[in-house]
Amino acid sequence: MKKSFLFFCFFDIVKSFIIISIYNLTNDLCLPSKTFTQINQNINSTFQFEINYGQNILFTSDSFINIKQNLQSKLLISITNSFDVYFSRYSFNNFSQEDRSLIDIWIKYGQNLIFEDYAIYNIDIYRSSILRIGFQHSRGTLQMSMNAFSNINEGRFIFLRFFIIKNQITNSPYLSSLDRKRGQEWRKD
Amino acid sequence: MPSYSYMKLYFSNFVRILLNEHSFDHITQEQSSELIINFDHFQSATLSHNTFYDFHQLDQSRFHLSLSNFQSLIIEETLFDTITQCKYLSF
């Protein structure tokens, strides 16, 4: 039953887009609790949140909560040419990814990237889905608390990838814990 | 929004936006419809609780909210709530 349903879906293209873009904002931005909540994505759909030329960006607790992705859907968050990006405790909470879905959080040309304890919490990554975080061409440090990524459940062929590319200063004292964390994730698949 | 419809709201050069609670409620975008809301060159914006609530997108529809060239943005709790991107509406 489940298989025939999937088969049916591959020939159906939903491919819908929701894009929220912010460009050239001269004050800090705070994303409060439940800024994005109860989002249900299906077949090839895209939900994109992008900031270009902002200041400091704060994701408070539960700013993204209860997100469900099915069948190659994408949730893209990109923050470019801004300053600090701060993920508070439980800022990404309760995600479920299925069937080659992608969550992509990419910070480029920024300053510091900070993950509090339990910043990314309670994420199910199933059936070849990917959770990808990138920190690229930035001036500051990556600061990550010990349990920044917590309660991540994976199925088979899943990926949790963390990219740190071409930053000016990257070697924060927290990096060793990140490597250890990533090592654990990778050993599992 | 019916199939293949297109709506663009474009506001520019003003001081303040206030989108009240439930400003965009129960919107369903049918196949290949497009809704664009664009605010440009302003001072401040407040997006209230549940501005976008119960929003559904069907096949190949597109929604774009864009804010550009401004000083401050206040987002209240629960901005986007109950959003589905799906083939059919399920009740």
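**Chains A and B: interface and strand pairing**

Biologist: How many residues of chain B are in contact with chain A?

Modeller: The model is a predicted one. Contact here requires heavy atoms within 4.5 Å. On that basis chain A contributes 34 residues, and the number in chain B is 32.

Biologist: What area is buried between chain A and chain B?

Modeller: The area is summed over both parts. Carbon and sulfur atoms give 53% of it. The total buried between chain A and chain B is about 2,700 Å².

Biologist: Across this interface, how many residue pairs in polar contact does the rule find?

Modeller: Salt bridges can be set aside, as the rule finds 0 of them between chain A and chain B. For polar contacts, both residues must have pLDDT 80 or more. Under that condition, the number of residue pairs across the interface is 32.

Biologist: Which strand supplies the largest share of the side of chain A that touches chain B?

Modeller: At least two residues each come from β1 (17-25), β2 (29-31), β3 (36-41) and β4 (46-52) of chain A. By class, this side of chain A has 17 nonpolar, 14 polar and 3 charged residues. The largest share is 9 residues, and the strand that supplies them is β1(A).

Biologist: Which residue of β9(B) is the bridge partner of Asn40(A)?

Modeller: Strands of a sheet pair through backbone hydrogen bonds, in a parallel or an antiparallel sense. Here β3(A) pairs with β9 (residues 80-85) of chain B in the parallel sense, over 5 bridges. Within β9(B), the partner of Asn40(A) is Thr84(B).

Biologist: How many strands does chain B have?

Modeller: The C-alpha atoms of chain B fill a box of roughly 40 × 25 × 15 Å along the principal axes. Along the sequence the pattern reads β-β-β-β-β-β-β-β-β. With 0 helices, the secondary structure of chain B comes to 9 strands.

Biologist: What is the order of the open sheet of 3 strands in chain B?

Modeller: The edge strands, each pairing on one side only, are β2 (16-19) and β8 (72-75) of chain B. Neighbouring strands of this sheet are turned by 5° against each other on average, direction ignored. With parallel pairing, the order in chain B is β2-β5-β8.

Biologist: Which residue in β5(B) is the bridge partner of Ile17(B)?

Modeller: β2(B) and β5 (residues 44-47) of chain B run parallel and are joined by 4 bridges. In β5(B), the partner of Ile17(B) is Ala45(B).

Terms used:
Residues numbered from 1 in each chain as written. Chains lettered and ligands numbered in written order. Predicted model: local features only at pLDDT ≥ 70, side-chain atom pairs only at ≥ 80, totals over all residues. Heavy atoms only, no water. Pairing = 2+ DSSP bridges. Axes fitted to C-alpha atoms, helices over the stretch in contact; angles between N-to-C directions. Buried area = accessible area lost by both parts, 1.4 Å probe. Salt bridge = Lys/Arg side-chain N within 4 Å of Asp/Glu carboxyl O. Polar contact = N/O pair within 3.5 Å; in protein donor to acceptor, adjacent residues only side chain to side chain. Nonpolar A, V, L, I, M, F, W, Y, C, P; charged D, E, K, R; others polar.
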